[in-house]
Amino acid sequence: MDLRNIAIIAHVDHGKTSLIDVLLKQSGAFRDNQRVEERAMDSNDLERERGITILAKVTSIIWKDTRINIVDTPGHADFGGEVERILNMVDGVIVLVDAAEGPMPQTKFVVSKALKLGLNPIVAINKIDKPEERHSEVVDEVFDLFANLDANEDQLDFPILYGSAKQGWMSLNPEGPQEDMAPLFDLVLDYVPAPKTQDGAFSMLVTTIASDPFLGRILTGRITSGEVKPNQNIKALSADGTEAEKGRVSKVLAFQGLERVPVDSARAGDIVSIAGMTTATVADTLCDMEVTEAIEADPVDPPTLSMTFRINDGPFAGQEGSKVQSRVIRDRLLQEAEGNVALKITLNEDRDSFEVAGRGELLLSILIETMRREGFELTVSRPKVVYKEIDGVRHEPIEEVTIDVDEEHSGVVVQKLSERKGDLLDMRPSGGGRQRLVLHVPTRGLIGYHSELLSDTRGTAIMNRVFHDFEPHKGKIQGRHTGVLISNQMGDAVAFALMNLEDRGPLMIGHGVRVYEGMIVGEHTRGNDLEVNVVKGKKLTNVRAAGKDDATTLTTPMQMTLEKALSYINDDELVEITPENIRLRKRFLDPNVRKREAKKMEDA
């Protein structure tokens, strides 16, 4: 059977996973009466909740006696490591572009990677049923983008499809016919080349890793040469060509619809999963015993943000989670780093904390949320940027930020980002009374900015960011302007005490919440921190007084989500994460130690 390997790449929410739903349905991958979830490829709980793709996944369909392996990729820049690796497995890409929004920063990022690898893209203009669609301008914008990215003549001569994944049709003309996805399938068969293979014994570069309770470690990749069968003896070579392990293939699994199906053999060019190895990992080469050279893996962009993960050493440690020891946290982080090449883990000198570096706040917060659901308790520090020394000068990561905002709010957005050392590159109308701003801003300046942007623009702005380059350090950036309210007692918070503290600033806790000394319970309206007593009850006396029994009414406390908490804290504060709660606290809980450390920092 003929083979085609393609990836679908696009910006966030331009419809990659929805398109694959339609392709699976129309190719006969499901029974007529089979109940299928919407966005079937987003199988992970977190992906379903947030409505985003986090992990790249493979599916396979059969069309006119040709098997087409399709890879669904994430759209967020934070998960760019997944996309970069996946592009090595495919021979063509479908670039999906929203007919109203046009090419966005992440489109640019993934397209540049695909063009560098010499892949010839098919451009699909999606969501053409939107009332504000502008397909002809979008096609021009896509062409300009390709030209700016130094595409060659073959790549610039790209075929274009128009359609709506939601309505289930694609066509070579914007007007239709609005029937089905056959034009897309046919174009893939005609335009995407068959997989390139090499002669020789079996070899395969591992691109993703997963674990299965029955089969153990499952390694997925594209077979470069030869054939693999169950029970075959193979070995794993690391990137430098040294032998990592020897093993036997217990199962060869091919993709069929949403399932992995055991097969008797798989040949060069196919994307398969292999079970049976115990230590081989991403970027290793699985090969026959006689092969001596490893397949070269493309380098992945470096991490830009790091956080310190440490044990939970607060007074409530171990009361809500089951995994609290540093040894267990370390093993879990190392296991994550194996499958996610964009993460880098280093052990700190105190051996109870770990430096975790990744592509952005979203990548790290997804990791924390996953660990929290598995029963881990930990504390994490404020995100810090990863600096780089170039010719003896300290350089910091700069991001290209694109913001779509109503015209009335554009002034305040530009002003806030200028304070954060941002440079405005472009400002133009994007239709419907909105403007598109393009800026270069240091990653440092963007930490915690998203919530501020939403409040400045009444929730109407859409921000997209993508790593641009390393540039010389831009100088000091002003942090949070307000101080915090810190509990000075351990106990349960009382409504009477909280009501009297409301004048001091917005609170983060309500009545009856357990607190401890050093825990942050609210925001102070002034710039200094204030220690307060939230457990002090009302004194009960026999003396009657007017107003003694006024009903206590409290303002609804600020709800701190994980992302909001991480961007809110300062360098001397931590976020305590347990399966049941997210608390903010000072790094040093004892007020005397806190003052001593603050003085040391000032002297330094």
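User: What makes Glu-374 partly exposed rather than buried or exposed?

Analyst: This is a predicted model, so the value is computed from predicted coordinates. Glu-374 has 33% relative accessibility, and buried means under 20% while exposed means over 50%. The value falls in between, so Glu-374 counts as partly exposed.

User: And how do you know that Arg-332 forms a salt bridge with Glu-374?

Analyst: The closest N and O atoms of Arg-332 and Glu-374 are 2.7 Å apart, and the cut-off is 4 Å between a side-chain nitrogen of Lys or Arg and a carboxyl oxygen of Asp or Glu. So the pair qualifies. Arg-332 sits in helix H8 (residues 326-339), and Glu-374 in the loop between helix H9 (361-373) and S21; they are 42 residues apart, so this counts as linking distant parts of the chain.

User: Why is Arg-332 called buried?

Analyst: Its relative accessible area is 8%, and buried means under 20%, so Arg-332 gets the label.

User: What makes Asp-423 and Lys-474 a salt bridge, and which parts does the pair tie together?

Analyst: N to O comes to 3.6 Å for Asp-423 and Lys-474, which is within the 4 Å limit. Asp-423 lies in strand S25 (residues 423-431) and Lys-474 in the loop between S27 and S28, so the pair ties together parts that are 51 residues apart in sequence. Asp-423 has 37% relative accessibility and Lys-474 has 28%, so each counts as partly exposed.

User: Why does Asp-288 get no salt bridge?

Analyst: The nearest side chain of opposite charge belongs to Lys-235, and it is 8.0 Å away. Leaving aside neighbours within four places in sequence, Asp-288 is in contact with Ala-201, Phe-202, Gln-232 and Lys-235.

User: How do you know that the buried residues of H12 line one face of the helix?

Analyst: The buried residues in helix H12 (residues 449-456) are Tyr-449, Leu-453 and Asp-456. Seen down the axis of H12, they fall within an arc of 65 degrees, so they line one face. What covers them includes strand S24 (393-406), helix H10 (410-419), helix H11 (443-446) and strand S27 (462-472). After H12 comes Arg-458, with a positive phi near 55 degrees.

User: Why is Asp-65 called exposed but Lys-127 partly exposed?

Analyst: Exposed means over 50%. Asp-65 has 63% relative accessibility, so it counts as exposed. Lys-127 has 23%, so it counts as partly exposed.

User: What makes strand S33 mostly covered?

Analyst: Five of the five residues of S33 (residues 573-577) are buried. Glu-573, Val-575 and Ile-577 point one way, Leu-574 and Glu-576 the other way.

User: How do you know that S33 pairs with S21 and with S34?

Analyst: Pairing takes at least two bridges. Three join strand S21 (residues 378-380) to S33, antiparallel, with Val-380 opposite Val-575. S33 and strand S34 (residues 582-586) have five, again antiparallel, with Ile-577 opposite Ile-582. S33 and S34 form a hairpin with four residues between them.

Definitions and conventions
Residues are numbered from 1 along each chain as its sequence is written. This is a predicted model: local features need pLDDT of at least 70, side-chain atom pairs count only at pLDDT 80 or more; totals for chains, interfaces and linings use all residues. Side-chain values use heavy atoms; hydrogens and water are left out. Buried means under 20% relative accessible area, exposed over 50%, partly exposed in between (1.4 Å probe, protein chains only). Helices (H or I, at least four residues) and strands (E, at least two) are DSSP runs, numbered from the N terminus. The arc is that of the directions from the helix axis to the C-beta atoms. Contact means heavy atoms within 4.5 Å. Lys and Arg count as positive and Asp and Glu as negative; His and the chain ends are not counted.
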